[in-house]
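Student: Let's go through this model by its domains and its charged pairs. Please show the structure.

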Amino acid sequence: MTDLSAFPITRKWPARHPERLQLYSLPTPNGVKVSIMLEETGLPYEAHLVNFGTNDQLSPEFLSLNPNNKIPAILDPDGPNGKPLALFESGAILLYLADKTGRFIPADAAGRYETIQWLMFQMGGIGPMFGQLGFFHKFAGKDYEDKRPRDRYVAESQRLLRVLDQRLEKRQWLMGDTYTIADIATFPWVRNLIGFYEAGELVRIADFPHVLRALDTFVARPAVARGLTIPAA
């Protein structure tokens, strides 16, 4: 049997199936990127809920795997050269799983780098900007009398949505007809902006019909529907 006892995180979240990839996460836009990817690839895995309500992410066990105290993180008992591999950062995990399975990233070098380009577009732009808009629109920031910070993130979110909409105008997915990790990274955040953050009207989401069409296609995928609820809260 695979032995993961060298990893302190398994003391707080014991692996019932240590031969499977271990996922430590929450069903947030960043968290579901990885659960969706795992569902899409069919890799066997075991999901563990990291409860922010009880500060699980600040526990020594979790910090031993991710010192940045963010989800998601994984522990793959069958990593490179058959040795266990621990990873954090959702973009890095998506790239790793794409390479591990040979799926959802083009095999040719040009297509691969273009996909990584759009993955980085999400990681560096869409995630941070949509997240800030959520703070200033729905959470504590909504009570600030000065609305300039909120308006800045509204404008930046609209700009990013416009880039996406133009990219998708004549394409089914960000890489054309090919569904990739760039889509898996991006559309959970678009869904969250409209749904959980309730900011669709604020950013005038109807002005971005190609984004909405791709989002509808994305959430209709069975693996996406499953991944959006993992780990169960």
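**Domains and salt bridges**

Tutor: Asp99 has a relative accessible area of 44% and is partly exposed, a class between buried (under 20%) and exposed (over 50%), with a 1.4 Å probe and protein chains only. The model is predicted: local features need pLDDT of at least 70, side-chain atom pairs count only at pLDDT 80 or more, and totals for chains, interfaces and linings use all residues. Residues are numbered from 1 along each chain as its sequence is written, and side-chain values use heavy atoms, without hydrogens and water.

Student: With which residue does Asp99 form a salt bridge?

Tutor: A salt bridge puts a side-chain nitrogen of Lys or Arg within 4 Å of a carboxyl oxygen of Asp or Glu. Here the closest N and O atoms are 2.7 Å apart. The partner of Asp99 is Arg112.

Student: Which helices hold Arg112 and Asp99?

Tutor: Helices are DSSP runs (H or I, at least four residues), as are strands (E, at least two), numbered from the N terminus. The pair ties together parts 13 residues apart in sequence, because Arg112 lies in helix α5 (residues 109-137) and Asp99 in helix α4.

Student: How many salt bridges are counted between domain 1 and domain 2?

Tutor: An automatic or database domain assignment sets the bounds. It gives domain 1 (8-103) and domain 2 (109-225). Between domain 1 and domain 2, the count is two salt bridges.

Student: How much area do domain 1 and domain 2 bury between them?

Tutor: Buried area is the accessible area (1.4 Å probe) that two parts lose on being put together, summed over both. Pro29, Ile36 and Glu40 lose the most in domain 1, together 40% of what that side buries. Of the total, 72% is on carbon and sulfur atoms, and the value is about 1300 Å².

Student: Which element gives the most to the side of domain 1 that touches domain 2?

Tutor: The elements giving two or more residues to that side of domain 1 are α2 (29-41) and α4 (90-101). With eight residues, the top contributor is α2.

Student: Where does the salt-bridge partner Asp78 of Lys100 lie?

Tutor: The side chains of Lys100 and Asp78 meet at 4.0 Å, N to O. Lys100 is in helix α4, so the pair ties together parts 22 residues apart in sequence. Asp78 lies in the loop between β3 (73-76) and β4 (85-88).
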